[in-house]
Amino acid sequence: MAQSGLVERALAITPTQLFIGGQWRPAESGRTFPVMNPATEEKLADVANGGSEDALAALDAASQAQLMWAETSPRTRSEILRRAFDLLIGHKDEIATLITAEMGKPMADALSEVNYGAEFLRWFAEEAVRISGRTTVAPEGILQIFTAQRPVGPSLLITPWNFPLAMATRKVGPALAAGCTAILKPASLTPLTSLAFVRILEEAGVPAGVVNIVTSSSASSISAPLLADPRLRKLSFTGSTEVGQTLLQQSAQNVLRTSMELGGCAPFIVFDDADIDQAVRSAVIAKTRSNGEACNAANTFYVQRGVAEEFTAGFAKAFAGLQVGEGLTPGVDLGPLVSSGQRQDVARMVDEAADLGAERRTGGVVPDGVGFFYPPTVLGDVPEGTPILTQEIFGPVAPVTVFDDEDEVVRRANSTPFGLAGYLHTSDMSRVMRLAARLEVGMLSVNTGPISNAAAPFGGMKLSGMGREGGTEGISEYLECQYIGLPR
Ligand code: NAD
């Protein structure tokens with residue numbers, strides 16, 4: 001009961017309507033859709049089910065506010081973002097409760113998402129006052145060259161369900177810092193956290209029309225009319241590669257600036273010379289953060305033959321000791337997967353791998369009962385060519401496969417169409433730099449777990465996307481370079 005009291009308190013401060021032009025209001029159609037708790041399979045709330053007319057109303061508001069926001073002083077934009085950071089941290093328990101209730105990750109993990117997510121507001125508050133251009137003289141000496149950075153314009157921000165807060169702050173923070181207005185479209189499985197975040201932005205003093213949120217059970221009825229409207233100038237999308245490809249095609253019609261944070265299939269590579277205890281600790285974190293439903297989660301464990309058994313045994317023991325349950329219960333390490341469909345996909349990959357010769361060292365069986373739980377699972381001796389090694393798993397399942405030398409592991413790690421994150425465990429620093437140059441990944445974590453940080457550029461190569469979020473790179477996704485030439 002204490003747990004449901006926590007959820008009730010969080011829901012009490014969470015809007016369930018659309019926020020357009022500074023007003024909370026129902027969908028034009030009057031329709032709503034339910035949001036469920038994946039641990040209990042109970043309904044948490046009914047949320048406004050926006051449609052194309054709501055999407056276009058949000059674009060009207062964002063377009064009308066664009067010039068005013070672009071001309072607002074950088075210091076004012078910065079201070080609003082900084083206030084939003086403080087408010088988010090002040091409400092961290094309620095926001096983390098919402099994340100756990102609608103997405104499933106344990107409370108401690110949700111709290112670390114709030115801290116991580118809030119950092120994007122603080123970081124971009126600091127970046128807002130550092131936007132600059134350059135000046136030079138043309139080689140012929142006849143022209144002075146000035147560059148300026150202008151906001152791209154109204155931006156559509158589409159986010160996934162696995163980090164319902166951090167994926168929103170990672171986009172809204174730089175958009176607002178750069179002087180762009182925004183329409184946020186959160187995932188239909190997890191809209192509550194984003195709605196609470198937008199309420200915080202309102203309280204922080206974001207002017208009407210600068211941030212709008214349209215929740216919907218039909219994502220394309222929001223995105224399609226917006227992408228077809230020339231007033232929209234930017235799409236930032238985080239989600240699956242398949243949907244990203246469709247949206248890129250639709251963005252071509254108005255030649256939109258696009259940022260794409262798509263799927264991953266991160267290799268986790270352990271060499272014979274690594275500290276194996278450290279590698280196991282990192283593996284557990286890199287595989288359980290966000291219940292394994294993270295684009296940068298370690299996906300495939302490549303372990304050099306000499307330490308394969310030691311690593312696999314240590315990993316299986318650590319995984320077997322994890323506590324699985326409803327994320328609001330103290331002491332729980334792993335919550336449910338986000339939906340029954342997600343669990344089915346994970347279970348199918350594990351069963352297929354077992355049929356092809358992988359050994360279930362721990363876990364690997366769907367439990368009975370309420371909630372979309374799946375046990376932490378280590379698969380040993382997974383043969384090369386087994387599909388699970390090159391597919392995005394998105395669950396607490398770790399397939400371990402053996403390799404012999406550097407050339408082999410580089411070839412196999414690069415053999416997926418993805419290129420987001422990679423993890424490397426070795427004590428040989430020259431090997432680190434050699435592999436960094438050869439592995440096709442946007443982010444390489446060395447002798448540690450996930451390395452996400454608001455001050456670092458997050459993003460991928462190949463089908464994992466384009467553009468970077470966070471770091472000094474993040475704000476440039478929302479800025480257009482303008483060149484001004486004057487005679488000398
Ligand atoms: P998804 O692609 O199904 O959905 C992402 C968002 O797109 C949601 O808001 C959804 O409503 C919307 N959407 C779905 N279909 C759409 C369509 N036809 N038109 C317009 N919008 C549409 O992805 P998901 O299941 O929510 O998230 C999981 C995926 O996201 C994984 O592949 C994961 O790797 C990826 N991801 C990537 C990053 C990154 O930074 N690279 C971060 C988190 C998640």
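**The ligand and its pocket in a predicted model**

In this predicted model, 28 residues surround the ligand, the closest being Thr159, Lys185, Ser240, Leu262 and Glu392; a residue is counted here if one of its heavy atoms lies within 4 Å of the ligand. Local features need pLDDT of at least 70 and side-chain atom pairs count only at pLDDT 80 or more, whereas totals for chains, interfaces and linings use all residues. Residues are numbered from 1 along each chain as its sequence is written, and side-chain values use heavy atoms, with hydrogens and water left out.

By class, the shell around the ligand comprises 15 nonpolar, nine polar and four charged residues. In this grouping, Ala, Val, Leu, Ile, Met, Phe, Trp, Tyr, Cys and Pro count as nonpolar, Asp, Glu, Lys and Arg as charged, and the others, Gly among them, as polar.

A polar side-chain atom of Ser240 is 2.6 Å from a ligand oxygen, and an N or O atom in the side chain of Trp161 is 2.8 Å from one. For Gly239, a polar backbone atom lies 3.3 Å from an oxygen atom of the ligand. The protein covers 85% of the 840 Å² of accessible area that the ligand has on its own, as given by the Shrake-Rupley method with a 1.4 Å probe.

The ligand sits in the largest pocket; that is, more than half of its atoms lie within 2 Å of the pocket's grid points. A pocket is an open set of points on a 1 Å grid over the protein atoms alone, where a 1.4 Å probe fits, with protein on both sides within 12 Å along at least five of seven lines; lining residues have an atom within 4 Å of a point. About 850 Å³ of space lies in this pocket, the volume being the space filled by probe spheres set on the points.

The lining consists of 36 residues, and Trp161, Phe237, Gly239, Ser240 and Val243 lie nearest the centre of the pocket. Among the helices (DSSP runs of H or I, at least four residues), α9 supplies the largest share of the lining, five residues.

Definitions and conventions
Helix = DSSP H or I, 4+ residues; strand = E, 2+ residues; numbered from the N terminus. Polar contact = N/O pair within 3.5 Å; in protein donor to acceptor, adjacent residues only side chain to side chain.
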